[in-house]
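Please read the following briefing alongside the sequence and the model.

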Amino acid sequence: MPELSPLDRQILATLQGDFPICERPYAEAAGRLGISEDELLTRLQQLLADKVLTRFGPMFQIEEMGGAFVLAALAVPEVRYDEVTAMVNALPQVAHNYRREHALNMWFVLATETKAGMAEAIARIEQETGLPVYAFPKEREFFVEMKLEARA
Amino acid sequence: MIDATDRALIVATQGGLPLVARPYHAIAEQLGIPAEEVMCRLQAMLASGVIRRIGAVPNHYAIGWTANGMTVWDVDDAVVDELGARIGGLDFVTHCYRRPRARPTWPYNLFAMVHGASRDECAAKAAEIRGLLGAACRGSDILYSTRILKKSGLRIGS
């Protein structure tokens with residue numbers, strides 16, 4: 001894990017949203033941080049290269065554009081774990097995938113542009129892996145705001 | 001709803017914004033539309049909720065949140081929505097949803113993500129949730145993530 005500088009922490013604390021939409025947004029965001037546009041661009045490049053950031057840009061809600069978003073899980077036999085991971089990750093509809101400690105040991109989020117696309121993606125995973133997909137579509141959303149500041 | 005130009009804009013930005021001084025102009029050039037239009041459309045998608053936010057997406061492990069627990073609860077259907085709203089209101093819960101059960105394998109209908117620098121920290125947060133649920137809770141578990149297998153975010157085809 002790379003050492004984070006005070007500036008990196010400040011970037012993480014202030015830039016997880018509200019990135020400006022204007023001609024020179026990095027210059028504007030850098031101004032808020034009291035640094036130069038070049039300095040911010042360089043830090044962001046480094047944070048992405050170090051995988052401290054997975055991305056810098058817009059986060060979309062596919063349901064708001066007519067698509068579907070489903071949390072799903074598989075109970076993968078340990079001997080097949082790497083093979084099944086490769087199969088599941090190969091689908092572009094798989095947005096995130098986590099290994100978790102449970103009989104259902106693979107949890108992933110499927111994001112599809114259409115509602116019909118969801119059933120197809122699930123069927124494809126079942127066919128390729130030979131394992132039943134447990135689908136947990138949200139019935140109600142109480143809260144979502146994944147903004148965590150740097151720790152440690 | 002979005003149109004074909006919005007969709008092209010999503011395809012162009014879903015992997016991230018260009019790290020150049022005028023990123024929206026760079027996207028505009030790539031798509032062959034005016035920069036003003038790119039900015040107006042992004043603004044409109046933010047307003048309508050198609051874009052949740054624009055900014056840095058951290059790898060939470062890399063910034064010190066090494067324990068990430070999906071707490072799951074079997075809560076009485078009669079009160080799950082009321083309690084879900086209260087749990088979603090806790091400042092340490094980053095996601096909270098009601099989802100269908102899949103009995104017998106999966107008796108849980110309420111999901112709340114908690115994070116910490118240690119599992120003890122997550123467990124303490126789960127205990128706080130447990131306290132709020134009270135007698136309505138009939139069972140629970142915490143599923144810790146042990147590996148990020150993929151974290152690309154949304155990817156629609158071009």
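**Arg155(B)**

- In this predicted model, Arg155(B) sits in the segment after β5 (137-151) of chain B, where strands are DSSP runs of E with at least two residues and helices are runs of H or I with at least four, numbered from the N terminus.
- Arg155(B) has a relative accessibility of 29% and therefore counts as partly exposed, the class between buried (under 20% relative accessible area) and exposed (over 50%), as computed with a 1.4 Å probe on protein chains only.
- Although 141 residues separate Arg155(B) from Gln14(B) along the chain, their C-alpha atoms are 6.5 Å apart, and the side chain of Arg155(B) reaches the backbone oxygen of Gln14(B) at 3.2 Å.
- A polar atom of the Arg155(B) side chain also lies 2.8 Å from the backbone oxygen of Ser152(B).
- With neighbours within four places in sequence set aside, Arg155(B) is in contact (heavy atoms within 4.5 Å) with Gln14(B) and Gly15(B), and with Arg55(A) and Pro92(A).

**Met106(A)**

- Met106(A) belongs to strand β4 (residues 106-112) of chain A, and it is classed as buried because its relative accessible area is 0%.
- Beyond its neighbours within four places in sequence, Met106(A) has contacts that include Ala72(A), Leu74(A), Tyr81(A), Val88(A) and Tyr98(A), as well as Leu149(B).
- The C-alpha atoms of Met106(A) and Leu91(A), which are 15 residues apart along the chain, are separated by 15 Å.

**The cavity**

- The count comes to 1 cavity of 30 Å³ or more, a cavity being a set of points, on a 1 Å grid over the protein atoms alone, where a 1.4 Å probe fits but cannot get out.
- The largest cavity has a volume of about 1000 Å³, taken as the space filled by probe spheres set on the points.
- Its lining comprises 47 residues, of which Phe69(A), His96(A), Val109(A), Met146(A) and His95(B) are the closest to its centre; lining residues have an atom within 4 Å of a point.
- The lining of the largest cavity divides into 25 nonpolar, 12 polar and 10 charged residues.

**Confidence and conventions**

- Within chain A, confidence is lowest in strand β6 (residues 140-144), at a mean of 89, and highest in helix α4 (residues 81-89), at 98.
- Residues are numbered from 1 along each chain as its sequence is written, and chains are lettered from A and ligands numbered from 1 in the order in which they are written.
- Local features need pLDDT of at least 70 and side-chain atom pairs 80 or more, while totals for chains, interfaces and linings use all residues, and side-chain values use heavy atoms, with hydrogens and water left out.

Note on methods
pLDDT is the predictor's confidence in each residue, from 0 to 100. On a 1 Å grid over the protein atoms alone, a cavity is a set of points where a 1.4 Å probe fits but cannot get out, and a pocket is an open set with protein on both sides within 12 Å along at least five of seven lines; lining residues have an atom within 4 Å of a point. Ala, Val, Leu, Ile, Met, Phe, Trp, Tyr, Cys and Pro count as nonpolar, Asp, Glu, Lys and Arg as charged, and the others, Gly among them, as polar. A polar contact is a pair of N or O atoms within 3.5 Å; within protein, one must be able to donate a hydrogen and the other to accept it, and residues adjacent in sequence count only if both atoms are side-chain atoms.
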